Amino acid sequence: MSGVLIARRVPEAVAARAQREFGAILADHDMDADEALAVVAEKGLAALVTGPKVRITAAHAAKLPPSLKVIANTSVGYDHMDAAACKAAGVIVTNTPDVLTDCTADLAFMLLLNACRRGHEYEAIMRAGWRKGFGMPDNLGVRPSGKTLGIVGMGRIGQAMAQRARGFGMTILYHNRRRLSAELEQGAEYVADLHAMLPRCQILSLHLPGGEAGTLMTRETFGLLPRGAVFVNTARGSLVDEDALIEALKSGQLFAAGLDVFRKEPDFDTRLAELPNVFLTPHVASATVETRDAMGYKALDNVAAVLAGRPAPDPV
């Protein structure tokens with residue numbers, strides 16, 4: 001079996017399996033594309049396990065090392081690389097679907113609740129020592145229970161988000177490329193026209209991949225939401241015009257937002273951090289022991305299959 005490079009830091013359990021099964025080379029830092037491909041070429045390796053810092057462009061793909069057979073992404077998303085160019089060069093590209101579903105939906109719902117209930121502001125009051133009583137009109141959030149939730153992108157994660165919303169008695173609308181079966185909808189209402197759905201959404205949550213839709217949330221689309229709506233994004237920062245988002249948060253068009261993803265990461269627009277009505281997390285939807293291990297294992301499953309001459313379980 002040919003060699004493997006794990007070009008990013010991974011959990012201990014994943015590293016142990018990679019060494020046990022493949023004698024893998026383990027990076028002690030998150031490599032970039034040039035660094036990772038140089039190691040692959042020097043060592044004549046057949047497999048590269050990557051993270052988002054390995055931004056393989058079409059120019060990289062045109063000169064991939066001839067030994068390389070598979071690039072295994074340890075994520076569902078692969079918009080950090082030119083997967084089509086890599087595949088055209090004869091290299092199999094894989095990702096890790098399914099294993100992130102529950103954790104991403106859990107975090108999205110955490111963002112939703114904290115945005116609605118002013119979680120950032122409440123916590124800041126406590127960390128500052130409290131010491132001041134508040135009356136009935138003070139620090140009022142909005143009740144998430146019973147609200148109408150609009151979900152854009154009703155794949156596995158969107159469906160998991162809807163499942164959590166049902167526990168809060170929410171009415172669920174969704175916009176998707178195609179309508180789901182009644183069994184998968186479970187009472188959610190399909191709206192084919194996004195612009196027709198937005199005015200009905202008291203809370204809006206994005207769950208579709210970036211790249212395909214471009215910038216979905218603009219001044220126009222934020223303006224279609226009812227005034228005082230809540231916005232949640234655990235999908236891709238590229239879907240949102242952040243200038244328009246900040247304007248909507250400042251003007252009251254949005255009551256609040258919960259954000260895990262940003263147009264530029266980790267150097268996100270710190271104007272968002274200055275707003276009290278935003279609850280922020282640093283792109284950590286998958287950050288649980290169970291899920292990060294599962295992501296690494298699934299990437300290694302794909303590597304094992306390709307190096308053994310079998311089809312990859314999760315080709316992109």
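I began with Cys116, which is buried, with a relative accessible area of 1%. I note at the outset that the model I am reading is a predicted one.

**Entry on the cysteines.** From Cys116 I looked for a bonding partner, and I found that the closest cysteine sulfur, in Cys201, is 13 Å away, which is too far for a bond. A disulfide is a covalent bond between the sulfur atoms of two cysteines. Since the rule I applied asks for sulfur atoms within 2.5 Å, I wrote down a count of zero disulfides.

**Entry on the five-stranded sheet.** I traced an open sheet of five strands with parallel pairing, and I recorded its order as β2-β1-β3-β4-β5. At its edges stand β2 (25–26) and β5 (92–94), each of which has a single partner strand, so one side of each is left without a neighbour in the sheet. I followed the pairing of β1, residues 4–6, with β2, and it runs in the parallel sense over two bridges. Which residue of β2 stands opposite Leu5? I found Ile25 in that place.

**Entry on Thr96.** Past β5 I stopped at Thr96, which lies in the loop between β5 and α5 (101–116). Thr96 counts as buried, because its relative accessibility is 0%. I listed what Thr96 touches, leaving aside residues up to four places away in sequence: Asn73, Thr74, Ser75 and Val76, and also Met295, Lys298 and Ala299.

**Entry on the seven-stranded sheet.** I traced another open sheet, with seven strands in the order β8-β7-β6-β9-β10-β11-β12, and its pairing is parallel. Here β8 and β12 take the edges with a single partner strand each, so one side of each is left without a neighbour in the sheet. On the β8 side I checked the pairing with β7 (residues 171–175), which is parallel and made over two bridges. Within that pairing, Leu173 has Glu189 in β8 as its bridge partner.

**Entry on backbone angles.** Most residues other than glycine have a negative phi, and most peptide bonds are trans. With that in mind I noted Arg118, where phi is near 55°, a positive value in a residue other than glycine; Arg118 is found in the loop between α5 and α6 (119–127). Gln186 also has a positive phi, near 50°, and I placed Gln186 in the loop between α8 (182–185) and β8 (189–190). Gln186 is exposed, with a relative accessible area of 54%. Which two residues are joined by a cis peptide bond? They are Glu265 and Pro266, with omega at about 5°, and Pro266 has its place in the loop between β11 (254–259) and β12 (278–280).

Last, I looked up a nonpolar surface patch, made by Met126, Trp130 and Phe134, for which I recorded about 340 Å². Phe134 counts as partly exposed, because its relative accessibility is 36%.

Conventions. Residues numbered from 1 in each chain as written. Predicted model: local features only at pLDDT ≥ 70, side-chain atom pairs only at ≥ 80, totals over all residues. Heavy atoms only, no water. Pairing = 2+ DSSP bridges. Helix = DSSP H or I, 4+ residues; strand = E, 2+ residues; numbered from the N terminus. Buried < 20%, exposed > 50% of the residue type's maximum accessible area, 1.4 Å probe, protein only. Contact = heavy atoms within 4.5 Å. Patch = residues over 30% accessible without salt bridge, like charges linked within 9 Å, V, L, I, M, F, W, Y side chains within 5 Å. Areas by Shrake-Rupley, 256 points an atom, 1.4 Å probe, with all protein chains shown as cover. Salt bridge = Lys/Arg side-chain N within 4 Å of Asp/Glu carboxyl O.
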